[in-house]
Amino acid sequence: MTDLIKQTARQLSDLLRAGDVSAHEVAVAHLDRIAAVDERVHAFLHVDREYTLARADQVDAKRASGAAMGVLAGVPLALKDVLAMKGQPTTCGSRMLEHWRPPYNATVVERLHAADVVILGKTNMDEFAMGSSTEFSAYGPTHNPWDLDRIPGGSGGGSAASLAAFEAPLAIGTDTGGSIRQPAAVTGTVGVKPTYGAVSRYGLVALASSLDQAGPCARTVEDTALLHMAIAGYDPKDSTSINQPVADMVAAAQRRDLRGMRIGLVKELSGQGFQAGVRQRFEEAVALYTSLGADVVEVSCPSFDYALAAYYLILPSEASSNLAKFDGMRYGLRSGDDGEHSVEQVMGLTRAAGFGPEVIRRIMIGTYALSSGYYDAYYGSAQKVRTLIQRDFNAAFTTCDVLISPTAPTTAFKIGEKLDDPLAMYLNDIATIPVNLAGNCGMSLPIGLAPEDGLPVGLQIIAPINGDDRLYQAGGALEAALHAQWGHHILEEAPAL
Amino acid sequence: MSGITRAEVAHLAKLARLTIDDEHLDHYAEQLNVIIESVARVSEVAGDDVPATSHPLPLINVMRADVQRPGLTNAEALSNAPAQEQGRFRVPRILDEE
């Protein structure tokens with residue numbers, strides 16, 4: 001029997017369709033892998049074996065009945081713990097929601113169920129998606145399968161690590177400032193932040209509502225496209241959902257033709273502060289793009305230099321408002337309710353006990369930035385920077401079809417290295433944040449290993465609003481050329497777990 | 001711009017309903033100052049002629065038909081309550097004693 005955990009979603013789909021394997025067998029192979037390695041990786045917060053196998057059996061029964069099956073039917077998936085799943089734990093990596101069981105499903109979960117995808121469990125994340133290393137999870141860090149002493153990126157480190165550890169072929173992440181793309185980069189996997197509004201946010205526990213976007217993660221560009229198409233599309237339950245048909249991402253991923261495509265190299269996102277090995281692999285990828293027939297030009301987006309500062313005002317402002325609902329009254333943790341404390345005291349004690357240090361820092365920054373006397377200087381100015389960043393993107397996309405940069409300035413760093421240095425941690429997202437501020441879309445895909453440490457490097461592709469299919473066209477072609485060069489998938493070079 | 005004082009941090013914690021002890025307050029004050037100092041540069045870049053953007057997409061008010069639809073049952077709504085009584089959420093006392 002083929003090693004089921006090494007198969008792509010597309011390969012599993014073919015095997016399932018041909019009747020060579022059952023969804024039950026595929027689920028068992030992945031659950032067994034999780035049982036074998038996740039004690040060391042800690043990609044998952046919750047795995048419900050019985051529930052997963054029952055779902056797989058339902059999918060097998062449906063196929064046996066002769067019903068029409070979707071392309072991902074029976075393929076397993078790891079779900080970031082920030083998406084509500086009815087009756088299942090949904091902790092957001094926080095003590096605040098340790099015992100919460102949502103009474104409803106996120107729209108993304110409904111779509112996965114409708115596509116007969118088999119959800120394996122919920123993945124670890126920085127608390128309420130605030131972080132770039134998954135170290136801010138209240139349940140302990142996730143370890144990078146390439147080197148267990150290193151971080152897997154964040155906030156969606158659990159989802160990315162589950163792919164790199166062959167615990168799941170598909171995963172869902174969410175990306176507010178890079179939480180899909182940066183983990184993909186440092187684990188040698190693929191991740192896409194779709195255009196804002198392309199995937200419903202209903203049931204996604206909000207961090208910063210104008211920046212949050214759920215998206216697909218996988219080990220190949222084509223698998224990512226298959227998952228993108230399963231979850232994207234209009235949802236009346238999300239007032240910011242885009243009401244337009246979804247482009248054919250899978251066809252774009254398979255096109256493998258870059259002739260005439262104009263690729264902009266963003267000057268501000270590749271020089272200072274980027275690790276030498278990251279720059280080297282990026283420059284090689286640029287040369288490869290040229291050899292594939294693309295026209296690579298340099299573009300300048302000067303206001304990107306202010307993106308990080310604007311982001312760390314806008315995000316905390318929105319987060320401080322969104323997280324005000326966790327007050328211990330109707331659900332979640334309640335602390336200090338001893339009959340003596342007033343409701344306000346109980347709220348204060350509950351929130352101090354339920355939130356970790358990074359969440360508390362951001363709530364206070366946001367409260368400060370929105371307070372009278374400081375609002376114009378901080379939040380107001382940050383919103384103007386947002387306008388300038390949109391203008392820079394608009395100008396760049398008048399001459400370019402897509403833009404590229406390294407996804408993250410460094411490869412995976414050591415667990416603990418930046419834990420108590422918020423600014424150093426924030427710099428991880430320097431190349432990914434502009435995309436969230438402007439609302440367009442971005443992909444990260446692996447382009448090799450940095451020579452100095454042997455760890456994966458990611459390339460970011462950026463496309464305009466609703467240009468998500470261009471990500472897959474540019475990503476699919478580069479991936480095919482790299483695989484031809486290497487003769488294997490990059491994860492074949494990762495040490496055995 | 002001058003930094004945040006410890007008293008200001010204590011006030012922010014109160015506004016945000018976070019009960020933080022004195023020792024942690026000092027640590028947070030130090031870190032918030034570093035962060036605020038580094039993000040304050042946003043005020044240097046855009047002039048009065050640049051409009052603010054609060055959202056990536058043009059937002060329109062989305063309405064749904066005003067018709068009945070199923071919602072959560074009482075038991076479902078209370079299923080995650082930290083405390084409940086007679087089918088309602090039970091909360092700590094709301095009025096401070098004078």
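Before looking anything up, I wrote down the handedness rule: a crossing is left-handed if the near helix is turned anticlockwise from the far one by less than a right angle, and right-handed if clockwise. I also noted that this is a predicted model.

**Entry 1: H12(A) on H2(B)**

I checked the handedness here, and H12(A) crosses H2(B) in the right-handed sense. For the geometry, I found an angle of about 60 degrees between H12 (residues 357-369) of chain A and H2(B), with the axes 11 Å apart. I then listed who meets whom: A:Ile360, A:Arg361, A:Met364 and A:Ile365 face B:Tyr28, B:Gln31, B:Leu32 and B:Ile35.

**Entry 2: H10(A) on H2(B)**

Next I looked at H10 (residues 307-322) of chain A against H2 (residues 22-39) of chain B; their axes come within 8 Å and cross at roughly 125 degrees. That makes this pair oblique too. On the H10(A) side I noted A:Ala309, A:Tyr312 and A:Leu313, which meet B:Ile35, B:Ser38 and B:Val39. This contact has five nonpolar residues, one polar and no charged.

**Entry 3: the whole A-B contact**

How many residues of chain A are in contact with chain B? I got 56, against 46 residues of chain B. Among the elements of chain A giving two or more residues are H10, H11 (343-354) and H12. I asked which gives the most, and H13(A) does, with 12 residues. By class, I have 29 nonpolar, 17 polar and 10 charged residues on the chain A side.

Conventions: Residues numbered from 1 in each chain as written. Chains lettered and ligands numbered in written order. Predicted model: local features only at pLDDT ≥ 70, side-chain atom pairs only at ≥ 80, totals over all residues. Axes fitted to C-alpha atoms, helices over the stretch in contact; angles between N-to-C directions. Helix = DSSP H or I, 4+ residues; strand = E, 2+ residues; numbered from the N terminus. Parallel < 35°, antiparallel > 145°, perpendicular 65-115°, else oblique. Contact = placed C-beta atoms within 7 Å. Nonpolar A, V, L, I, M, F, W, Y, C, P; charged D, E, K, R; others polar.
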